[in-house]
Structure formats: C-alpha cells, structure tokens
Amino acid sequence: MWDPSKYLAFADHRGRPFHELVNRIGATTPRRVVDLGCGPGNLTETLGSRWPDATIEAFDSSPEMVEAARERGIDAYLADVNTWQPKPDTDVVVTNAVLQWVPGHQDLMRAWVEQLPAGAWLAVQVPGNLAAPSHQSIRDLVATPAWRSVLSDVRLRAEDVILTPQGYADLLTDAGCVADAWETTYIQQLTGPDPVLEWVTGTALRPIRASLDDADWQRFRADLAAPLRAAYPARADGTTWFPFRRVFVVARTSSNGAGTSSN
Ligand SMILES: C[S@@+](CC[C@H](N)C(=O)[O-])C[C@H]1O[C@@H](n2cnc3c(N)ncnc32)[C@H](O)[C@@H]1O
C-alpha cells in the first residue's frame, strides 16, 4: 500500500527530477497528456499549467494515490501500467519514478511507442540507485538468519531491473524514436533523525512493511537504522547527505508514424 502523506514528506527532492524530465519534452500543443503512476497528483498538476489546452489524464494502481490525486482535481483513474494503452490522440506520456516497480517495463516502453501517434513524446525517469548502500543494507538485512524466514515471501528488486541511460536510448532508438537520455546523481541534503530510513520507508520498504505485523515492522526498522546511519552519517550540523542516482530518457516517435525508423 502507498501512503500519500509519507510519500509527500520529501516532495521537493522527489519533484525536482520530474520537472527536469518534463523540461526536455518539446511538445507545444499536445492533445492528450498522460501521467502514468501519478502518485498523489501534486506533479500531475504542473502538467496542466504547462499545457493548459490539453486533456490531462492520470493513472495509478494504488487506490489511495488515485483518491489523493482526485482530491486535487486531477482526472485520475485506477489502472496498472501493464494494461494501459495510449489513445490515438495521446501526444505526451510521462512516467516518473514508476517503472522501477514494473519488471519487463522495457517491453512496455517498446509497445507504447509503437502505439503512440507520430511525433508523440514518451518521458521516463527511474531511480538508478538499487546498488546504493541504502538498498544494499536492506538486502543484507533481509538475508540475515533473523529475517530470512520471516520475510521469505518478499521479493526485492534485483540491481539490474534498471537499464543504463544508453540502454534506454538504444531501446527507444531501435524502436524508431529520437531519444535523449541522461543520468543525474542528486546530492540530497536530508534533515531530521534517521532521514534515509524515513525516505526508504515511503518507497523501497513498502513490500516489507506489507508482510510484517506492527511489532516486527518496528523491529525491522530498528535493525535497519544502524547500517543506514553508518552508510549515511549525520553531519555536525545534523543534516545528512543522501546521494541519489536517477536515469532519464525522453523519446519522440517518428514524424512519419510511430514505430518506423525513418526519422
Ligand atoms: C514513487 S511513486 C511516483 C509518483 C509520481 N509519479 C511522482 O513522481 O511523484 C510510484 C507510483 O507508481 C505507482 N505504481 C507502481 N506500480 C504501478 C503499476 N504497475 N501501475 C500503475 N502505477 C504503479 C504507485 O502506486 C505510486 O503511486
């Protein structure tokens, strides 16, 4: 289950990559703009400001997130990206910090650009931090004898579910698009006690939270706090650096028709 308030706790850090992604979309008068995996809708709102004449639609597989987005006035629907398909007038698709949760998303991206109209835009951002100490600490803890049996049903994401920027650029260029890919490591300055633990609680730890009762969850968090403090020590001023790599790709389908390679 996604908790919109937990997720919004780091809204500024989580919002910046969205804006940097959308800035690279060159569409001027798109007909339909879709936000896939819209979360609480705070960033979807900005798409309406950028393209006031477009129909803005949002989709998310979490009922809590869809409800939070609707409360902001977003036209949000419950849907899984695995089954979503573009309408013929979908000129822009944005999916920010979502596809890292979707195994096989490379096939979906290929299918979407085949189905999108000519000259449409697909903009994707995924965290590329599965090899970072934060995720390694979670994997290490889950593999300990104390937790292995308790969490035997939990499947953590492998490091290689995310491609490199060049991998995504290759994928979309081979699918007939013009692709622009890059990566950024944000040196995020977090505040408060155990801020990295708080960060991962809103995202990476959700599958673990879902399979533990309250007492075990508190025990798990306490066990994880120590390695996270060691990997991300607090500075003398009480703040904590949390470097975070993100991978971006913005692709445009051929102006001669989607899925052709003559652009
Ligand atoms: C990290 S949040 C990102 C939210 C928003 N895009 C943003 O940038 O703030 C990930 C979102 O993806 C949604 N999500 C995860 N898997 C999904 C799927 N298979 N289909 C649709 N939404 C999904 C979650 O419910 C969650 O709202």
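A residue is called buried when its relative accessible area is under 20%, exposed when it is over 50%, and partly exposed in between (1.4 Å probe, protein chains only). By this rule, 51% of the 263 residues of the chain are buried.

The model is predicted, so local features need pLDDT of at least 70 and side-chain atom pairs count only at pLDDT 80 or more, while totals for chains, interfaces and linings use all residues. Residues are numbered from 1 along each chain as its sequence is written, and side-chain values use heavy atoms, with hydrogens and water left out.

**The whole chain**

The chain holds eleven helices and seven strands; helices (H or I, at least four residues) and strands (E, at least two) are DSSP runs, numbered from the N terminus. Its C-alpha trace spans about 55 × 40 × 35 Å along the principal axes. For 263 residues, a compact globule would have a radius of gyration near 18 Å, and the 19 Å of the chain agrees with that. This radius is taken over C-alpha atoms, and the globule rule is 2.2 Å times the number of residues to the power 0.38. Contact means heavy atoms within 4.5 Å. Of the contacts between residues at least 6 apart in sequence, 75% join residues at least 24 apart.

**Helix α2**

Helix α2 covers residues 11–22, which are twelve residues. From its first C-alpha to its last it reaches 16 Å, close to the 16 Å expected at 1.5 Å a residue; the expected span is 1.5 Å times one less than the number of residues. The buried residues in α2 are R14, G15, P17, F18, L21 and V22. Seen down the axis of α2, these buried residues fall within an arc of 160°, so they line one face of the helix. The arc is that of the directions from the helix axis to the C-beta atoms.

**The loop between β4 and α5**

Both A97 and V98 are in the loop between β4 and α5. Here β4 is 90–96 and α5 is 105–115. A97 has a phi near 60°, a positive value in a residue other than glycine. V98 is in contact with L36, G37, V81 and Q125, leaving aside neighbours within four places in sequence. V98 and F242 are 144 residues apart in sequence, and their C-alpha atoms are 20 Å apart in space.

**From β6 into α9**

D194 lies in the loop between β6 (178–190) and α9. Its phi is near 45°, again a positive value in a residue other than glycine. T201 is found in helix α9, which is made of residues 195–201. A polar atom of the T201 side chain lies 2.6 Å from the backbone oxygen of L197. The T201 side chain also makes a polar contact with the side chain of R221, at 2.8 Å. A polar contact is a pair of N or O atoms within 3.5 Å; within protein, one must be able to donate a hydrogen and the other to accept it, and residues adjacent in sequence count only if both atoms are side-chain atoms.

**Accessibility of single residues**

The structure holds zero disulfides, a disulfide being a pair of cysteine sulfur atoms within 2.5 Å. Two cysteines, C38 and C177, are listed below with other residues.

| Residue | Relative accessible area | Class |
|---|---|---|
| C38 | 7% | buried |
| C177 | 6% | buried |
| A97 | 18% | buried |
| V98 | 11% | buried |
| T201 | 10% | buried |
| D194 | 22% | partly exposed |
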